[in-house]
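Colleague: I would like to learn how to read the packing and the pairing in a model such as this one. Could we take the features one at a time?

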Amino acid sequence: MAASISMKDVVSLHTYKLGRDEYVRKMIEYKRRRRVKVSEYMSLLFENRKTVLFQIQELVNAEDLEDADEIKEYIDIYSPMLPGEDEWSATLFIEMDDLTQLEDKLRQLKGIEHALFIEVGTEVIPAIFEEEHTEREFTTSVHYVKFPLTPTAKQYVLHEPASSSHISIVLDHANVHLEIALTEDTIGSLQEDIR
């Protein structure tokens, strides 16, 4: 389970700006291991305390925030992205440069909230989406999802070497079917999250 984030974890704006370039470089590399390219227009970034804190720090920096109440508001907004005990948390991005194509794709992917899974060994675990968008004819381009691991799946992740693990993202939608195996790097990073 990811430890919570509090005000004491957020570096002061002045200090952050001094070390930002190096921190951003390190976080880009760290997140590279945690990002799964599901298709040419879809990716999944597995979140944890480091990635969520980075998001908060970047928002504080971008908005030059020093007011504790405003910073606390960002902590409250982004803390639900932290994985709970025995689960993985991720942000699903659907991105295209052409806005018309993106709008078409979002219409095609309506109902994605019931079509995304992670396969861990022989277990297929459905994603739990923060929100469902059943009231409209399209889905959104950003979704926050959780993958609750069963005891069997957790044991598989912890005891099967990353090099021989079978962990895949599965999209089984009426308009799109994809199965993408996670890389050894990604699996290794996700193993660290549940140790």
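Predicted model: local features only at pLDDT ≥ 70, side-chain atom pairs only at ≥ 80, totals over all residues.

Colleague: How should I read a nonpolar core, and which residues have the most contacts inside the largest one?

Modeller: In soluble globular proteins, nonpolar side chains tend to be buried together. Here the largest nonpolar core holds 36 residues, and L44, F46, W88 and F147 are those with the most contacts inside it. At least two residues each come from strand 2 (42-47), strand 3 (87-94), helix 4 (99-108), strand 4 (116-120), strand 7 (142-148), helix 5 (151-159), strand 8 (167-172) and helix 6 (184-194), with strand 3 giving the most, namely 4 residues.

Colleague: What does F46 touch, leaving aside residues up to four places away in sequence?

Modeller: The residues in contact with F46 include W88 and F147, and also R34, V36, T51, I118, I169, L182 and L190.

Colleague: How do I read the strands, and in what order do the 4 strands of the open sheet lie?

Modeller: Strands of a sheet pair through backbone hydrogen bonds, either parallel or antiparallel. In this model, the open sheet has the order 5-4-8-9 with antiparallel pairing, and its edges are strand 5 (123-126) and strand 9 (177-181), each of which pairs on one side only. From one strand to the next the twist averages 20 degrees. Strands 4 and 5 are joined antiparallel over 4 bridges, and F117 stands opposite P126 of strand 5.

Colleague: Which residue of strand 7 is the bridge partner of S89?

Modeller: That partner is K146, and strand 3 pairs with strand 7 in the antiparallel sense over 7 bridges. Strand 6 (residues 128-129) also runs antiparallel to strand 7, joined to it by 2 bridges, and there F129 has V145 as its partner.

Colleague: Finally, how is a pair of packed helices described, and at what angle do the axes of helix 2 and helix 3 cross?

Modeller: Two packed helices are described by the angle between their axes and the distance between the axes. For helix 2 (residues 49-62) and helix 3 (residues 68-78), the axes come within 10 Å and cross at roughly 145 degrees, in a right-handed crossing. Helix 2 makes the contact through V52, Q55, I56, L59 and V60, and helix 3 through I71, Y74, I75 and Y78; by class, these are 8 nonpolar, 1 polar and no charged residues.

Terms used:
Residues numbered from 1 in each chain as written. Heavy atoms only, no water. Core = buried A, V, L, I, M, F, W, Y, C linked by side-chain atoms within 4.5 Å. Buried < 20%, exposed > 50% of the residue type's maximum accessible area, 1.4 Å probe, protein only. Contact = heavy atoms within 4.5 Å. Pairing = 2+ DSSP bridges. Axes fitted to C-alpha atoms, helices over the stretch in contact; angles between N-to-C directions. Left-handed = near helix turned anticlockwise from the far one by under 90°. Nonpolar A, V, L, I, M, F, W, Y, C, P; charged D, E, K, R; others polar.
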